[in-house]
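Hi everyone, thanks for coming. I'll walk you through one structure today, so please have a look at it while I talk.

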Amino acid sequence: MRSNQRTKFHACCGEHGHQVVSMTRTVTTIVFCLATLTILVGCGRVRYPQYYTLNLPAPPDPPPAENVHAAVAVREFRAPAYLRQGAIVYKPSPEQISFYAYHHWAINPCEFVTNSVIEQLRASGDFVRVKPYDGHSDTQYVLSGRLERLEEIDYAGGVKVEVAISAQMTDLATGLTVWTNTVSEVGDVNKRDVPAVVSEMNRTMELAIKKLLTPMPADVATGPAAAGRN
C-alpha cells in the first residue's frame, strides 16, 4: 500500500515538474522577445527616403519673331547610367562615385533637363514651334542632348556641385549637324547638407542651360533653307 502511494506521489511530482519547467521556458522566451523588441524600438529608428526636384523658374513664352520660320523637336536627353538610378550622386574623389541612401530625385533628371530646354527654346523666340520629339518629321530640326554630370563634389576643398550638359541640332532634310555646344558649370555649397546641395544644383543647372542655348545661330531659324521649306 505504501509502495503504491509512493509511486503515485512521484508520478504526480514528475508531471508537475515538467509543467513548471515548460512554463518557465515559455516565460523566459516571452521576456527575451519583449526585451529584444524594446531594444529595437528604443535604439533603432526607421528612416524613410527624402525626395527632391530641381525647380527652375519658368521663362516667359513670347511669340516668335516675324522672320522666324523653323520648328524644332527636342529628344529626351540621355545621361550616364549612374545618373539614372534615382539617388543623388556625390564624389568623394575624382575616381569614386557614391550615392546617398536616403536622398533621391523625385523626377528623372533627364526628363527635367529636357523639359527645361524646351521651355528655354520657346522663350527665346528663335523658333516658330518647339515640341518634344515624337518621331514625326513635321519639324526642320531635331535637338539631341546629354546630361554629362549632376553631382556633389567633395574633394579639392569644400563642397561643390558640378553640372555638365552637351547638345547638338540636326537638320532633318540633310542629316547635317547645324549647331553644337557643351557647357560645364561648378557651384560652391555654403552649407554641408543635402538640401543646400540640391539648391546649388538648381542654381547651377539654370545657368548651364541658359549658357548651353545662347547664342543660337541666327541662320538656324531664319536661313534660306529654313525659310524655303515653309
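Let's start with helix 2, where the buried residues pack against strand 2 (71-74), strand 4 (96-105), strand 5 (129-132), strand 6 (141-153) and helix 3 (194-212). A few words on terms: helices (H or I, at least four residues) and strands (E, at least two) are DSSP runs, numbered from the N terminus. Buried means under 20% relative accessible area, exposed means over 50%, and partly exposed is in between, with a 1.4 Å probe and protein chains only.

Before going on, a word on where this comes from. It's a predicted model, where local features need pLDDT of at least 70 and side-chain atom pairs count only at pLDDT 80 or more, while totals for chains, interfaces and linings use all residues. Residues are numbered from 1 along each chain as its sequence is written, and side-chain values use heavy atoms, with hydrogens and water left out.

Okay, the overall picture. The chain has 5 helices and 8 strands, and from the N terminus on they run α-β-β-β-β-α-β-β-β-β-α-α-α. Of the 230 residues in the chain, 36% are buried. Take contacts, meaning heavy atoms within 4.5 Å, between residues at least 6 apart in sequence: 71% of them join residues at least 24 apart.

Back to helix 2. Which of its residues are buried? Among them are Phe112, Val113, Val117, Ile118 and Leu121. Keep in mind that an α-helix has 3.6 residues a turn, so residues three or four places apart point the same way.

Now look at its two ends. At the start, a side-chain oxygen of Asn108 comes within 2.9 Å of the backbone nitrogen of Cys110. Just past the other end, Gly125 has a positive phi of about 75°.

Lys191 is exposed at 51% relative accessibility, while Asp193 is partly exposed at 25%. Salt bridges with shared partners also link Arg129, Lys131, Asp134 and Asp138 into one network. There, Lys131 meets Asp134 at 3.2 Å and Asp138 at 2.9 Å. Lys131 is buried, at 13% relative accessibility.

Key:
Polar contact = N/O pair within 3.5 Å; in protein donor to acceptor, adjacent residues only side chain to side chain. Salt bridge = Lys/Arg side-chain N within 4 Å of Asp/Glu carboxyl O.
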